[in-house]
Amino acid sequence: MLAPTVARLPRTAWALRLSATALAAGVALTLGACGGGSSHPAAHASERPPIETIFEAQQLMTSPGPTLDLLKQLGVTDVKIFMQWGYMTPGAVSHTRPAGFDAVNPAAYPAPAWAPYDAVVRAAATRGMGLDLALEAPAPLWATAPGVPPGTSAGFLGSWEPSAKEFGLFVKAVGTRYDGHYTPPGATAPLPAVRFWSIWNEPNYGQQLAPQAVDNSTVEMSPLLYRELLDAAWASLGQTGHGGDKILIGEVAPRGQTTGGQPGNFSGMVPLRFIRALYCVNGSLHALQGTAATQRGCPATASASKAFPKDNPGLFHATGFAVHPYPQGQVTPNVPTKNEPDYADLPKLPELEATLDGAIAAYGLTVKYPIYNTEFGYQTNPPEKIARAISPTLAAYYMNWAEYISWSDPRVASWNQYLLTDPPPPSNFDTGLEFANGKPKDPMYDAFRIPLYLPQAHGKQGQSLKVWGDVRPAHYAMLASKAQQVASIQFKPASGGAFKTVQQVTITDTGGYFTAPVKFPSSGSVRIAWSAPGGMEYSRIAPVTIG
């Protein structure tokens, strides 16, 4: 997470994220005529690739079963958890590597460190849910380099030049434990396999990887460090039977510091600058050469650049590139940050795509990575009393608008909601669908479960307006009942009365997404209704103006 001010948020010892693969879009919809028996035009079929839903619930590590059950009710099909390297290893706060420590052997790590992850892996497999395991900082101090600046706070020590070699050994141990064949000591059956990975987290931020830049912030260093970590992890996953798995790289924060001699050691580097240095290209997306290349650990000549893709396979053969395109609070989700060309918040994702495409094309390749949104959320007031926190009602509207923007971009492969429940007070990043006491933040909870957005909410009499929506849990209902699921588009006139169904949509997309043109008879309110296994569920309510 990276706040707009680039102030890093405190993390718990077991930081984690949840992911859902609510496969989306590719839809051909059948509409039924309702509400007075009038006929309605067919819904538009979607031709975009599948989209996943990424989710976080901090309570997963302490209560995996009930939390996963709740997430299934919300339509989540994959969970994603972060494994912090330094919290897994023995002697993590010592600068001396433990004597005789066999870092590639899962049994050499403390059993209590594995236990919560093993529980989540088993619980997810039992429920038919997938698992994305993300491996991140901090490094154990014995796997960091000397020379950390004096006075560096403890929260940043584990990011200082982590050893790629040692990280590779750690990844090999994790890959071995979760290859589908490993039986832990004392267990009677092997652990389920993990087939989805993310490498590191926000490497363009100093608390995750440092130094960010040297020589008065003119030479990027974190991209080189990340490239080395990625190379080591890629090799280790391949060696432990995970070469064909889904692997995400990047996981970059959306913003950074561009003034005041930043990012320096521990601040944030703007993501497009990070990507260019990661792929060893300049501002024109041509391969670096000479001193500019050697300073950044890149091949210094055109002939040497030809071997760059082969030497760094993770950069060119991953499943996708992940970004955390956090919004700006009070600003609508379609408005980019002004005067910051190298940011990658949600409306700037096309620029990120172009930068990635151009950097890869500099080596004669035509890879066009899917873009994974793996952190996204809106801070709300209540409970936060800060300028960028917005009301839950406005947040629900922006959530659905932002998801529609993502869904409309065929390169975007996932949608994210961060968090499920706000952290216990006092906290400074309350983006949950629930307050810290577990009470739903109406209407955000409903807005996530059944998104609704009208790209144009104003029209003339007789004009069709597009209704975009998603019944996220429909996937599980279809599996359980073997019956088609139907979303009802309901309308209530501004003049009064009850909601009545004006159109029905048969959901054929496994992610529950649909679009439908609807002629509303007057101004009023719109919602989506769905007959869930436990009763009727509804989206948030959206206004529509006719006339």
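Helices (H or I, at least four residues) and strands (E, at least two) are taken as DSSP runs, numbered from the N terminus. The structure is a predicted model, in which local features need pLDDT of at least 70 and side-chain atom pairs count only at pLDDT 80 or more, while totals for chains, interfaces and linings use all residues. Residues are numbered from 1 along each chain as its sequence is written, and side-chain values use heavy atoms, with hydrogens and water left out.

Trp197 lies in strand β6 (residues 196-199). Its relative accessible area is 0%, so Trp197 is buried (under 20% relative accessible area, 1.4 Å probe, protein chains only). Not counting residues up to four places away in sequence, the contacts of Trp197 include Leu133, Val174, His242 and Asp245 (heavy atoms within 4.5 Å). The side chains of Trp197 and Asp245 are joined by a polar contact of 2.9 Å (a pair of N or O atoms within 3.5 Å, one able to donate a hydrogen and the other to accept it; residues adjacent in sequence count only if both atoms are side-chain atoms).

The largest nonpolar core comprises 108 residues, and Leu133 and Phe321 are among those with the most contacts inside it. Such a core is a set of buried Ala, Val, Leu, Ile, Met, Phe, Trp, Tyr and Cys residues joined through side-chain atoms within 4.5 Å. Apart from this core lies another, of 25 residues, among them Val471 and Phe520. Phe321 touches residues including Ile275, Leu278 and Tyr369.

In helix α6 (residues 222-239), Ser222, Pro223, Tyr226 and Arg227 meet Phe274, Ala277 and Leu278 of helix α7.

Key: Buried means under 20% relative accessible area, exposed over 50%, partly exposed in between (1.4 Å probe, protein chains only).
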